[in-house]
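Please look at the sequence and the structure first.

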Amino acid sequence: MRVFLIHVRDPQFYALPAKTRAKNGNIRVMGFPPIGIMSLSAVLKRAGHECEMFDQANPDTPNEVIMEEIKRHRPALVGLSFLSTTSYPYAKILARQIRASDSQVKLAFGGVFASLNAPLVKLQCPEVDFVCRGDGEQLVLDLVARLDDPSEVASATWAKDGRVVNNPNRPPERRLDQWPFPDRESLKLDFVESMPLDVPAVLSMERFTTMQTSRGCPWSCSFCDIPIFNEGKWRSRSPQHVVEEFKHLQQLGYGAVYFVDDHFLLQPKRIESICQGINEAGVTIQWGCEGRVDSVAQHLFPAMAKAHCRTLMFGIESGSQKILDRVNKEQTLAEIESAVTGAKRAGIEIVHGFFVVGNPDETVADMRATFDFAARLPLDTFGFNRLCVYRGTPMWQEYVKRGLVSDAADWYKYFKCSEIDPTCLSGEAINDERQAGLRRLFIYKLLHYPRQSLRLLRRFLRYMPLRDVAYLIIKPFLGKKKGATKSEVLSRAVEHREMKDLAAEMTRLDDDRLQYVSNESRLERLRLQQEAAAQAPLVPVHH
Ligand code: B12
Ligand code: SF4
């Protein structure tokens with residue numbers, strides 16, 4: 001059977017230089033590859049199906065081209081994969097366009113947002129035949145076998161006689177080693193690590209890809225939907241399987257890998273075996289991962305560094321214990337200090353801190369404490385995002401109870417907490433305080449960690465033009481925003497306020513206005529790409 005898989009991205013999120021080519025002729029784009037559809041493609045192909053993938057990070061495959069391809073190749077199933085609330089509007093538009101031009105093809109949605117809102121999505125988007133919940137590997141195989149009668153396909157949501165049917169959940173798969181490695185080579189894209197603006201995964205211009213060695217997280221931070229998506233469970237691949245994939249990637253010429261695991265640091269024995277396996281196999285790929293600061297695997301940071309772990313990212317969230325407790329983070333300031341210092345001492349090159357600002361009950365003093373705390377920690381890079389609330393999270397439930405959101409009317413909308421929660425500081429106060437906090441933080445870093453700061457600066461300069469690095473540093477001192485730098489436009493601009501606001505607004509539009517806005521934003525993306533391409537080709541500067 002022929003299957004198409006499409007990774008839907010919101011165009012504001014990635015503005016890419018059009019048609020920059022890698023040595024092998026692939027279009028070069030910045031950012032993470034769509035490992036969700038790559039995983040499904042590998043599974044489908046192994047089972048004898050034909051599968052073609054499209055990633056909307058590719059400027060050559062806008063909706064029109066995908067629809068042409070559907071007409072030409074007539075797949076039996078088109079799977080649309082998207083991660084988040086912010087890409088749902090685009091997935092909806094694409095599904096409707098496909099349905100308008102082809103009444104026969106079966107359409108399926110999958111990914112975290114679709115999984116957590118399946119019956120509502122099916123109701124709002126009747127053009128889509130199946131909304132697939134949770135892990136997709138076995139599900140997609142079962143689905144292609146029963147496209148005409150999915151009643152036995154566990155974890156599928158569909159409609160029968162005008163009524164939405166939510167088939168029972170399939171138990172989360174524990175035997176993850178049974179699945180083939182993701183199909184990375186069929187998509188004619190080469191990914192490079194993005195500019196270090198928000199998530200400097202491995203910070204290199206090597207051929208870059210992602211890997212998933214474990215799924216889920218057993219904690220329950222109130223803003224996070226991972227535990228819900230994974231039913232509170234953590235599941236992992238064996239160290240041997242992970243090392244085999246590393247070897248395979250090295251053979252394919254990859255030089256940098258980032259783990260999209262929610263909590264890589266959970267099981268010390270497994271980490272030890274992976275590191276040992278990497279060293280024994282002579283794998284030299286640089287890698288990065290995320291984990292909690294209270295991990296019991298901290299004694300393994302030196303072993304990780306020795307196995308080429310270059311980046312370690314911690315969900316620090318706040319420098320105020322009151323706020324950590326408010327969001328149920330179950331970690332202490334002392335644990336944060338110990339993990340960050342331990343990672344640096346162990347020789348991990350880039351230690352990153354994810355912070356959130358604009359939390360419920362957060363005062364200006366709490367925010368200041370956060371920036372001062374971040375300044376004191378020996379972190380190399382940091383990101384301070386505004387807290388958002390997603391349906392399905394404990395925080396959403398709290399907001400429903402407090403009457404701040406309506407589960408029936410707001411489920412598909414993306415809100416910064418400060419927009420709806422009166423216990424948060426106002427958006428303006430948060431942004432001002434963030435700007436001031438960053439200024440203090442930069443100065444503190446330069447004065448107290450001059451060698452670390454210079455080393456990082458040198459690394460930035462290896463990949464970014466001097467002008468953009470200078471802008472990045474002086475940005476917090478500039479007062480009012482001056483618009484995006486070229487690097488910001490080219491990179492995934494997660495830290496870019498205007499783009500995030502735009503993405504949030506998109507999720508609140510009624511369906512009729514979606515089409516118009518989508519056309520406009522596509523044109524805008526084209527304009528940005530042409531502008532960027534005209535200014536300078538994207539070539540890394542090697543010193
Ligand atoms: C890596 C990542 C990113 C990368 C994504 C790069 C990429 N091209 O994939 C980056 C850093 C760019 C990113 C950005 C954002 N992200 Co993010 N991200 C993740 C993360 C950590 C891992 C995703 C992943 O790769 N998983 C591994 C693959 C194998 O799993 P998967 O994609 O879910 O696919 C499986 C199933 O879902 C299913 N499946 C998927 N599609 C389909 C389709 C069909 C037809 C079928 C049958 C099955 C199926 O099968 C797959 C295999 O089992 C998740 C957390 C998580 N654990 O999911 C958050 C997460 C998805 N991100 C999240 C958010 C909020 C965002 C941002 C909005 C952040 C921001 N404010 O800017 C942006 C929006 C990006 C966008 N345009 O959608 C939230 C989503 C919450 C929500 N309800 O919206 C998550 C859940 C994290 C969290 N708890 O907050 N993100
Ligand atoms: S934020 Fe991190 S630690 Fe908290 S529940 Fe989500 S994945 Fe787990």
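Helix α9 spans residues 268–280, which makes 13 residues, and runs 18 Å from its first C-alpha to its last, close to the 18 Å expected at 1.5 Å a residue. The expected span is 1.5 Å times one less than the number of residues. This is a predicted model, in which local features need pLDDT of at least 70 and side-chain atom pairs count only at 80 or more, while totals for chains, interfaces and linings use all residues. Residues are numbered from 1 along each chain as its sequence is written, and side-chain values use heavy atoms, without hydrogens and water.

**Helix α9**
- Arg270, Ile271, Ile274, Cys275, Gly277 and Ile278 of α9 are buried (under 20% relative accessible area, with exposed meaning over 50% and partly exposed in between; 1.4 Å probe, protein chains only).
- Seen down the axis of α9, the buried residues fall within an arc of 160 degrees, so they line one face of the helix; the arc is that of the directions from the helix axis to the C-beta atoms.
- On the other side of α9, Lys269 and Glu280 are exposed.

**Thr213**
- Thr213 sits in the loop between β10 (208–211) and β11.
- Thr213 counts as buried because its relative accessibility is 0%.
- Beyond its neighbours within four places in sequence, Thr213 has contacts (heavy atoms within 4.5 Å) that include Asp261, Phe264 and Arg270.

**The sheet**
- An open sheet of 6 strands has the order β10-β13-β14-β15-β16-β17, with parallel pairing; strands pair if DSSP finds at least two bridges between them.
- Its edge strands, β10 and β17 (381–386), each pair on one side only.

Note on methods
Chains lettered and ligands numbered in written order. Helix = DSSP H or I, 4+ residues; strand = E, 2+ residues; numbered from the N terminus.
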